[in-house]
Amino acid sequence: MTLSDGTGTAAAGLPAQSPPVDPAQTAAGHPRPDDLKGRRASRGGEAGESVKRNLVLVAVLVALIAIGAVTQPQLYSNSTWVWNNILSILQLASVIGVVTVGMTFVIIGGGIDLSVGAIVALAGVWATTVATQSYGAGGMVFTAITVAVAVGLINGLLISYGKLVPFIATLAMLVAARGLAAEISDKQTQMSESSLINGIAADKLLGIPLLVYILAVVAAVGWVLLNRTTFGRRTVAVGGNVEAARLAGINVKRHTMLLYGLSGLCCGIAAIMLTSQGTSAQAAMANLYELDAIAAAIIGGTLLSGGRGTIVGSLLGVIIFATITNLFAINGLSTEAQNMVKGGIIIAAVLVQQFRFKAVSQFLSRNKT
Amino acid sequence: MTAPEAGVATTGHDDVVLRLTDVVKTFPGVRALDGVQLEVRAGEVHCLLGQNGAGKSTLIKVLSGVHRPDSGTVEWLGGPITFANPQAAMKAGIATIYQELDLVEDLSVAENVFLGHEPRRAGFVRRKYMAARTTEILDRLGHGEIPPRRAVHRLQAAGKQIVSMARALSHEARLLIMDEPSAVLAHDEVENLFRIIRELTAQGIAVVYISHRLEEIRTIGDRVTVLKDGRTTAADLPAAQTPTSELVSRMTGRSIEYVFPPRPDEPADRAELLAVEGLSRAGEFTDVSLSVAPGEIVGIAGLVGSGRSELLETIYGARRADAGTVTVAGRRLAGGDVGAAVRAGMGMAPEERKSQALLLGEPIYRNMTLSTFSQLARLGFTSSRREREAADRVAQSLDLRPGDVGRPVRTLSGGNQQKVVVGRWLLGDTRLLLLDEPTRGVDVGARAELYRVIRRLAADGVGVLLVSSEVPEVLGLADRVLVMREGRVIRTAPATELDEDTVLDLVMAGSLMEGAPV
């Protein structure tokens with residue numbers, strides 16, 4: 001009965017709202033303040049939502065650092081030590097960070113890539129064979145990236161034109177690529193003889209490790225790609241509503257394939273970085289990177305069903321994970337306990353995401369009626 | 001309001017199982033039910049007739065416990081009742097069989113029949129007993145040959161319908177509501193359905209039967225209630241004897257305001273913009289040929305399931321035709337390629353706005369530029385500023401409210417969301433606009449605005465191909481009208497030569513069975 005009152009008047013009031021009256025009021029009356037209010041409202045909308053979410057992540061990060069400072073006060077007593085600790089956290093985040101940027105695109109585009117760790121291993125192994133190394137550092141980089149992009153495109157081909165479910169296609173690729181990596185390396189660890197490659201992880205520029213620069217560049221390019229290019233717009237459209245994208249004339253299949261190719265590209269870059277870190281490559285390297293990358297993206301606010309996500313959020317997710325690892329390392333705690341905490345954080349992040357989403361949609365539906 | 005009262009007055013039998021009096025149900029901006037009277041007796045087939053938007057679906061939902069009425073009374077088996085939820089209605093003995101059957105495809109027949117109320121012993125499902133009971137019920141329906149352990153997805157549409165009915169019987173239903181049950185069935189299966197319905201009614205079960213096919217109503221129905229604009233316009237009409245003209249006249253002349261802008265003069269330019277020849281898709285439409293000239297609005301009238309939407313999507317390239325050609329301005333389009341259609345200057349506002357056209361969480365302007373952001377970009381770099389400006393212009397010309405294009409499209413009303421979808425194609429070089437149910441779920445005020453927008457587009461030389469279930473809309477908006485029935489175009493005429501009654505007659509008349517009384 002309560003409903004009938006409100007909506008009854010709304011229905012009765014409809015003719016009064018018809019066009020000749022209303023636009024005169026809004027458009028001619030006072031356009032300026034209305035427009036201003038609109039702009040502010042729009043900034044507080046979806047974009048504001050992701051900014052708020054990222055601020056929460058920053059707060060979590062600060063809290064984690066505070067825990068570090070409380071538990072290991074002597075480490076935080078000296079500014080050089082603090083700086084070095086931050087650098088080691090960033091270095092820890094660099095390889096997985098690059099992989100996560102690619103993963104973020106794939107997930108926003110409505111897919112998932114379980115084969116990233118395997119692709120990193122395959123690219124690393126292929127780049128460090130005796131034959132490849134004979135072409136020098138350039139040959140190694142070229143090989144790693146070509147192999148990784150090719151494998152990514154095969155994923156994309158299977159998914160978009162072969163109509164395989166992304167989960168299945170990339171799961172199969174995970175198994176196959178690791179197998180091929182083991183075959184190529186004969187299950188041996190292949191040492192990298194290139195001082196240029198090995199120098200990437202060892203060298204610093206202006207006191208900051210090169211690996212951190214690489215992550216920064218990849219993340220920056222990723223941010224621009226997602227937020228400022230037609231490629232990024234297509235990614236959001238395809239992941240947000242694939243049918244709407246298709247009916248708007250977007251070539252969904254080609255774009256889906258390119259997304260997995262992009263993920264492959266990031267894996268190729270990560271393969272070089274990881275090979276450099278260990279001055280070697282082997283079939284078992286980058287183990288479970290897919291889980292770390294997916295978890296970081298999810299914590300960063302990327303919607304697993306696609307259509308929403310940010311590079312900054314994913315990056316914060318990676319750094320939070322690296323900080324936890326660092327926190328456990330400086331306190332001399334086991335990796336087992338660390339994994340349990342990480343698992344708990346993933347669940348907490350998803351729960352928070354759901355609650356907030358529910359609250360927002362409730363708010364909106366309440367406003368509508 | 002006098003007609004229903006007269007109807008109710010003539011019946012006062014004590015075998016009435018269901019009686020609705022002055023039932024009202026409103027949704028924001030729409031009065032879906034506005035005083036419905038309905039009376040159903042045990043053992044009868046009571047037919048519900050009305051155009052799209054007349055309130056049939058809302059009425060079903062009230063009866064099956066999905067919606068609660070705002071006012072009015074529902075009496076069930078002699079006492080007033082309100083159903084808290086669909087389960088409560090089911091328990092009380094009212095079962096609904098929806099057009100899209102709500103079966104779990106991967107479960108067996110027996111599991112579907114007893115879904116949610118499986119016979120149990122000590123927490124374990126009594127599978128053998130359940131199968132035996134299912135066979136019993138299927139026997140009652142004359143289909144004891146359906147194996148109770150077969151997975152439902154292996155059954156044909158008719159078989160699935162039987163399973164749905166068996167589920168209703170497993171709840172000891174006393175009233176069965178069937179929403180267009182014949183729509184999914186082939187010719188001979190309909191006869192079988194009627195045989196089953198007769199057996200059920202012989203057992204005293206009441207059936208509320210909804211169909212657009214008048215001949216079916218004459219064959220199976222006992223009495224007819226007609227709805228229009230959420231009101232009962234006729235009750236207790238004898239199904240077999242009432243002349244078609246009377247039924248149709250009770251459904252038409254809707255009081256909802258259709259405010260159409262004045263029709264322009266015949267456009268001078270009669271060159272062909274769109275030419276469709278011999279287009280066919282198995283099971284959807286056959287050998288359809290049509291043309292649209294620049295500045296012309298061509299309307300397609302037909303029932304849901306007549307192949308209208310499928311035709312539109314095939315022309316647009318979202319489906320691949322089995323045969324036939326689509327030519328735009330002299331250039332033949334490759335089949336099954338939306339991109340090619342868009343490049344040729346086509347645009348479409350699909351039937352399901354939310355699931356087929358919009359990114360609900362994205363801002364209005366990004367939804368408007370969804371098909372043009374590449375053109376507005378430079379060297380692959382998008383420009384929010386240029387996109388906002390372009391969207392702002394369109395929003396103003398369409399009188400979009402609220403006009404701030406930065407807001408998420410989710411916050412807009414249905415009518416304004418539709419404006420965003422139509423506005424999308426105003427940004428590009430769209431020469432031909434395909435509109436599928438452009439005013440579905442749109443309130444009266446926004447409807448009139450959309451009509452004006454469509455007319456203005458046509459005046460600017462855009463060709464429009466319009467599909468709508470609402471006959472007055474097609475007649476009021478289009479220059480030329482194609483009437484479709486069962487995948488074929490059965491009549492093409494200038495809109496001024498057709499009226500609502502004629503079109504309704506054409507789309508509803510004896511689609512499955514011939515030889516009906518007129």
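Predicted model: local features only at pLDDT ≥ 70, side-chain atom pairs only at ≥ 80, totals over all residues.
Partly exposed residues are those between the buried class, under 20% relative accessible area, and the exposed class, over 50%. Arg127(B) belongs to helix α5 of chain B, residues 127-140.

The side chain of Arg127(B) forms a salt bridge with that of Glu111(B), at 3.7 Å from N to O.

A second salt bridge joins Lys160(B) to Glu105(B), with an N to O distance of 3.4 Å. Lys160(B) is part of helix α6 of chain B, residues 157-170, whereas Glu105(B) lies in the loop between β6 and α4 (109-113), so the bridge ties together parts 55 residues apart in sequence. The two partners fall into separate accessibility classes. Lys160(B) has a relative accessible area of 17% and is therefore buried. Glu105(B), at 34%, is partly exposed.

Arg366(B) and Glu362(B) form a further salt bridge, their closest N and O atoms lying 3.6 Å apart. Arg366(B) is buried, at 18% relative accessible area. Glu362(B) is buried too, at 15%. Elsewhere, salt bridges with shared partners connect Arg19(B), Glu39(B), Glu44(B), Arg223(B) and Asp236(B) in one network. Over all chains, the search of the whole structure finds 23 salt bridges.

Strand β6 of chain B, residues 94-97, is covered on both faces. Ile94(B) and Thr96(B) are buried on one side, and Ala95(B) and Ile97(B) are buried on the other. The strand pairs in the parallel sense with β9 of chain B, residues 175-179, over four bridges. Within this pairing, Ile97(B) stands opposite Met178(B) of β9(B).

A nonpolar patch on the surface includes residues of chains A and B. Its members are Trp223(A), Val224(A), Val312(A), Leu379(B) and Phe381(B). Together they have about 490 Å² of accessible area. One of them, Val312(A), is found in helix α16 of chain A, residues 311-330. Val312(A) is partly exposed because its relative accessibility is 38%, a value that lies between the limits of 20% and 50%.

Technical notes: Residues numbered from 1 in each chain as written. Chains lettered and ligands numbered in written order. Heavy atoms only, no water. Buried < 20%, exposed > 50% of the residue type's maximum accessible area, 1.4 Å probe, protein only. Helix = DSSP H or I, 4+ residues; strand = E, 2+ residues; numbered from the N terminus. Pairing = 2+ DSSP bridges. Patch = residues over 30% accessible without salt bridge, like charges linked within 9 Å, V, L, I, M, F, W, Y side chains within 5 Å. Areas by Shrake-Rupley, 256 points an atom, 1.4 Å probe, with all protein chains shown as cover. Salt bridge = Lys/Arg side-chain N within 4 Å of Asp/Glu carboxyl O.
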